[in-house]
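This report describes the chains one by one and then the contact between them. The sequence and structure are shown first.

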Amino acid sequence: MVRQSADMDSITIRHLRESIALLPAGDPGPAHEFYRRLFELAPEVRSLFKPEIGPQAKKFSDMLGWVIANLEHPDELQSQMRALGARHKGYGVQTDQYAPVGSALIWMFQRTLGDRFTPEMEEAWLEAYAFLSLEAERGSREGPPQS
Amino acid sequence: MPLNSAIVNQHLDQALSSPLFRNAERQSRFLRFVVDAALQTPEATIKEFDIGVAVYGRRSDYDPRTDPIVRVEAARLRARLREYYEVTPPERVRIDIPKGHYVPVFIQVGSGPPAQTPSDLSILVPPFRSLSTDPSDQNFCDGLTEEVVHKLAQDHRLRVITQSAAAWLEQGDGTRPHYLLEASVRRAGAEIRLTLHLTELTGMGSTYFSNIYQATVTDIFATQEKLAEEIRGDLSAALHMSKTGSSDMQ
């Protein structure tokens with residue numbers, strides 16, 4: 001298997017962490033904003049989620065925290081994202097649907113942080129999301145990693 | 001045989017039929033759109049807006065600043081291409097979309113002129129120039145030059161020459177380096193703009209690679225490191241092209 005390198009340098013990691021630190025702690029608002037935007041961009045994915053989005057928003061916030069905590073552990077990110085991608089396949093998620101997710105993620109930061117979300121932070125999230133989403137796609141194609 | 005549209009299109013069809021692209025319909029359309037545009041009008045620029053409208057169905061009043069779909073997908077497409085070439089090393093041509101641009105470059109591989117051995121590549125790096133009169137800006141340029149030289153020197157394929165261009169030429173020992181790397185920096189408040197040119201000295205002296213980098217200086221050392229890393233990455237890609245052959249379609 002060919003591994004995709006996370007290739008995130010210390011500056012990129014710093015921008016990712018700084019942007020997350022700017023989000024209001026414990027506030028579910030940004031995560032709700034993410035899902036609102038996602039369903040606007042890709043209404044067809046709304047049926048993949050339960051009607052009450054609160055618990056899902058909490059999971060999303062937790063996942064962002066987990067990504068940030070594991071930026072120096074690309075193997076862990078890779079393994080978990082592949083497992084997530086394999087589950088997504090079971091839900092019927094299509095490859096093209098990773099695009100609106102990334103778009104909603106950037107939009108969430110833009111809406112929540114305004115000018116404090118710098119172009120460097122956006123670039124860092126674009127890079128990180130490209131890595132994470134392609135690992136999820138691989139999980140969808142090849143199945144979860146063998147432990 | 002030099003590159004031509006038929007070779008590029010054949011390679012594109014092959015890539016798009018691979019498992020990595022087969023289920024990624026929008027990314028495939030994105031790649032085909034920019035390749036077609038570059039083949040039809042090599043000197044054309046491709047705008048984020050145009051891709052948004054043509055590939056992602058955005059309306060004519062769409063604002064890329066608030067809708068980052070193309071930037072998200074461009075980052076994913078670059079990563080997908082990297083992964084594709086790791087799985088399927090190209091035989092004749094490789095398609096790259098340099099960061100910061102949407103115009104692809106077509107890099108001939110395999111059938112070009114004999115490859116230079118890595119250690120053959122030498123690059124002359126005079127101090128980067130500040131275009132302002134503030135002495136602290138030249139200090140920033142000097143620090144950035146040091147950082148770039150440091151990063152390039154870690155690549156064992158390169159011999160990095162750091163003395164000034166004038167001193168090098170005066171030396172006149174008959175061994176001309178392959179490339180000259182020059183950069184100038186302009187500054188407006190915390191914003192800096194660096195224009196970089198890599199010139200091929202062994203051929204016609206033409207610009208081989210150029211790019212513009214922008215950054216907001218909040219931490220001088222961090223900004224220098226990040227810029228230097230971006231430059232190193234771009235030069236590494238550009239010089240790898242040279243190592244494997246040349247293209248007449250960039």
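Chain A of this predicted model has 6 helices and 0 strands. Read along the sequence, the pattern is α-α-α-α-α-α. Of the 147 residues of chain A, 35% count as buried. Among the contacts in chain A between residues at least 6 apart in sequence, 83% join residues at least 24 apart.

Helix α4 of chain A covers residues 74-91, 18 residues in total. The helix reaches 25 Å from its first C-alpha to its last, close to the 26 Å expected at 1.5 Å a residue. The buried residues in α4(A) are Leu77(A), Gln78(A), Gln80(A), Met81(A), Arg82(A), Gly85(A) and His88(A). Their cover includes α3 (54-69) and α6 of chain A. Just after α4(A), Gly92(A) has a positive phi of about 90°.

Chain B has 8 helices and 8 strands. Of its 250 residues, 33% count as buried. Contacts in chain B with a separation of 6 or more are made to 57% by residues 24 or more positions apart.

Within chain B, helix α1 (residues 5-16) packs against helix α3 (residues 25-40) at an angle of about 175°, with the axes 11 Å apart. Angles over 145 degrees count as roughly antiparallel, and α1(B) is therefore roughly antiparallel to α3(B). From α1(B), the contact is made by Ser5(B), Val8(B), Leu12(B) and Leu16(B). From α3(B), the residues are Ser28(B), Leu31(B), Arg32(B), Val35(B) and Leu39(B). By class, this contact has 6 nonpolar, 2 polar and 1 charged residues.

Helix α1(B) also holds Gln10(B). Is Gln10(B) buried, partly exposed or exposed? Gln10(B) is partly exposed, because 13 other C-beta atoms lie within 10 Å, and a residue needs 20 or more to count as buried. Gln10(B) and Val93(B) are 83 residues apart in sequence, and their C-alpha atoms are 9.8 Å apart in space.

Between the chains, 21 residues of chain A are in contact with 24 residues of chain B. On the chain A side, α5 (98-113) and α6 each supply at least two residues. The largest share, 8 residues, comes from α6(A). By class, the chain A side divides into 10 nonpolar, 7 polar and 4 charged residues.

From α6(A), the contact is made by Leu126(A), Glu127(A), Tyr129(A), Ala130(A), Phe131(A), Ser133(A) and Leu134(A). From α5(B), the residues are Arg71(B), Val72(B), Ala75(B), Arg76(B), Ala79(B), Arg80(B) and Glu83(B). By class, the contact of α6(A) with α5(B) has 8 nonpolar, 1 polar and 5 charged residues.

Two packed helices are described by the angle between their axes and the distance between the axes. The table sets out both helix pairs in these terms.

| Helix pair | Angle | Axis distance |
|---|---|---|
| α1(B) and α3(B) | about 175° | 11 Å apart |

Key. Residues numbered from 1 in each chain as written. Chains lettered and ligands numbered in written order. Predicted model: local features only at pLDDT ≥ 70, side-chain atom pairs only at ≥ 80, totals over all residues. Helix = DSSP H or I, 4+ residues; strand = E, 2+ residues; numbered from the N terminus. Buried ≥ 20, exposed ≤ 12 C-beta atoms within 10 Å, placed from the backbone. Contact = placed C-beta atoms within 7 Å. Nonpolar A, V, L, I, M, F, W, Y, C, P; charged D, E, K, R; others polar. Expected span 1.5 Å × (residues − 1). Axes fitted to C-alpha atoms, helices over the stretch in contact; angles between N-to-C directions. Parallel < 35°, antiparallel > 145°, perpendicular 65-115°, else oblique.
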